[in-house]
Structures are given as structure tokens and as C-alpha cells.
Amino acid sequence: MTMNAEMSGRTAVITGGGRGFGKAFGVALAARGAHVVLVDLDGPAAEAAATEIRAQGGGAIGLAGDVTDEAKMREIMAQAAEVRGGVDILINNAGLHSHEYSQPILAMGLAKVKRLFEVNVMGVIACTLAAAPHMKGRAGASIVNISSSAAYMGGTAYGNSKLTVSALTVTLARELAADRIRVNAIAPGLILTDTIAAELPPETKARVKAMQMLQDDGSEGDIVDAMLFLTSPQAKFITGETMRVTGGMAAGT
């Protein structure tokens with residue numbers, strides 16, 4: 001890990017921080033001097049990721065927590081705020097996104113659809129409500145929600161949940177502007193993380209790539225770069241926006 005002090009003195013809370021995008025966000029922010037709090041339903045995975053960051057010279061802790069548990073999220077945000085007097089960055093990354101949750105609503109049934117929205121939508125609200133009092137008035141305070149290009153494609157409950165995340169981003173940006181908290185979102189396209197690569201059929205990958213304007217493969221680093229921009233001073237006049245990082249797949253929809 002190449003360290004610098006760009007975010008020295010700042011605290012970042014990342015949900016779904018045990019693996020994938022969440023872990024990558026934590027590594028990148030810690031490398032810039034932030035103290036990162038990785039929250040995951042899988043507590044051991046969160047602590048393992050935090051241990052890796054600490055071994056590379058960064059500041060990190062891993063905590064177990066379900067983003068739909070309002071009381072637990074309040075407890076975690078308060079604990080995170082103790083480190084440096086508040087919370088500066090919240091990344092609402094936790095979400096259900098596997099093949100299991102990308103089925104037609106009629107196939108999924110009500111119970112599974114409810115669970116999908118509880119995590120992907122209500123989890124964003126619960127974490128934001130818990131973090132906002134600790135972010136109020138802090139210079140550069142920023143929330144980044146993780147949406148998806150599926151929000152613009154139609155056809156699945158998963159896409160509907162992520163379209164709601166993009167809509168919530170606008171609402172929360174408006175409500176939190178008076179507290180000097182910016183709220184934005186990132187909508188990744190086809191990003192071949194280990195999980196996606198393992199479960200995505202080759203024909204599906206080919207179909208999605210055919211919709212991209214750019215035929216390159218998107219990488220985890222592309223999403224990390226978008227997050228770093230949105231949480232930086234360079235984005236100080238940007239709020240309520242969803243940045244599509246899709247190779248042009250979602251453009252115009």
C-alpha cells in the first residue's frame with residue numbers, strides 16, 4: 001500500500017466492507033490516510049480485510065453488522081465517530097446482488113423481494129440516518145451510495161431496487177445539504193469482480209458487452225476511482241448525482 005496524507009484525520013464507514021468493492025474502497029481510503037471502519041454481515045470477513053489494511057500501514061477496524069438493523073447501525077456510527085470526533089465519509093455499499101436476486105419478481109416471490117428491498121433500499125436509509133448526526137457540519141462530509149447500471153435497464157427487482165437508490169440519492173442530497181453533507185451515487189456497469197466472474201454465464205457477459213460503447217472490460221479500480229473523486233474536494237460542488245461507470249452501456253436510458 002502506497003500511503004499519503006490526502007485524507008489524514010478523516011473517518012470513513014464502508015458497509016459491505018469485507019470483500020469486493022467495499023474492501024477495495026477501504027484499501028484506497030486507508031492508503032490516503034483515512035481511518036476506515038469496515039462493516040459487514042460477515043464479521044470475520046470485515047476484520048480480515050481490516051487486518052490486511054493494518055498490516056500495510058493503514059488504520060482500520062472491522063465490525064459485524066446488518067445494515068437493516070437500525071439500532072446496530074446507530075451503535076456502529078457512534079463507535080466510528082469516537083476515533084476522530086465524527087464521520088466524514090459514508091459509503092453505502094452493502095447490497096444483495098447475486099444471481100439469486102436477479103430473477104423475475106414472479107419467480108422470486110414476495111419474501112425474497114422484501115428482503116432485497118430491505119437491504120438495498122432500507123439499508124441505505126438506516127445507515128444514512130445513523131451517520132448523519134456524526135457528519136453534520138464536517139468539512140467535506142460525503143455520502144456515496146452504490147447503485148447499478150441495472151437501474152436503467154429495467155426488467156428485474158434488483159434493478160428496481162437500485163433505481164430507488166438513485167432516486168433516494170437526490171432526496172437525501174436535498175435534505176442533507178443544509179448540514180453540508182453531499183450525497184452522490186455510483187452506478188457500476190459490468191465489473192468482473194471475483195463474485196461476478198464466477199457466477200456470470202459467458203453468454204450474459206457477451207450480451208452486456210455488446211451494449212457498451214467501449215469494449216474494454218471494466219475493473220474494480222474504475223469504481224474505486226469514481227468513489228475517490230466523489231469524496232474529494234474536486235467534487236465539492238457535486239451532489240444529488242449518480243455517476244454511471246458503465247463503458248457507455250447505460251447512456252441515453
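Predicted model: local features only at pLDDT ≥ 70, side-chain atom pairs only at ≥ 80, totals over all residues.

Mentor: The structure holds one aromatic pair. Its members are F21 and F25, whose rings are stacked, with 6.2 Å from centre to centre and 25 degrees between the planes. The planes count as stacked because the angle between them is under 30 degrees. Both F21 and F25 belong to helix α1, which spans residues 20-31. They are four residues apart there, or about one turn of the helix.

Helix α1 is the part to follow from here. One of its packing partners is helix α9 (residues 220-230), and the two helices meet at an angle of about 55 degrees with their axes 10 Å apart. That angle makes α1 oblique to α9. The crossing of α1 past α9 is right-handed. On the α1 side, the contact is made by G20, F21, A24, F25, A28 and L29. The α9 side supplies E220, I223, V224, M227 and L228. Both members of the aromatic pair, F21 and F25, are thus among the α1 residues that touch α9. Sorted by class, the α1-α9 contact has nine nonpolar residues, one polar and one charged. Gly counts as polar in this scheme, and G20 is one of the α1 residues in the contact.

From α1, the residues K23, G26, V27 and A30 take part, and they meet A49, E52 and I53 of α2. The classes in this contact are four nonpolar, one polar and two charged.

For another helix pair, turn to α5 (residues 110-135) and α6 (residues 157-176), which pack at about 20 degrees with axes 9 Å apart. That makes α5 roughly parallel to α6, and their crossing is right-handed. The α5 residues in the contact are V113, L116, F117, N120, V121, V124, I125, T128 and A132. Those of α6 include Y158, K162, V165, L168 and L172. In this contact 13 residues are nonpolar, five are polar and one is charged.

The strands complete the picture. Seven of them form an open sheet with parallel pairing, in the order β3-β2-β1-β4-β5-β6-β7. At the edges lie β3 (59-64) and β7 (242-245), each of which pairs on one side only. On average, neighbouring strands are turned by 15 degrees against each other, direction ignored. Within the sheet, β5 (residues 142-146) and β6 (residues 182-188) pair in the parallel sense over five bridges. In that pairing, I146 has I186 of β6 as its bridge partner.

Notes
Residues numbered from 1 in each chain as written. Heavy atoms only, no water. Axes fitted to C-alpha atoms, helices over the stretch in contact; angles between N-to-C directions. Parallel < 35°, antiparallel > 145°, perpendicular 65-115°, else oblique. Left-handed = near helix turned anticlockwise from the far one by under 90°. Contact = heavy atoms within 4.5 Å. Pairing = 2+ DSSP bridges. Phe/Tyr/Trp six-rings, centres within 6.5 Å; stacked < 30°, edge-to-face > 60°.
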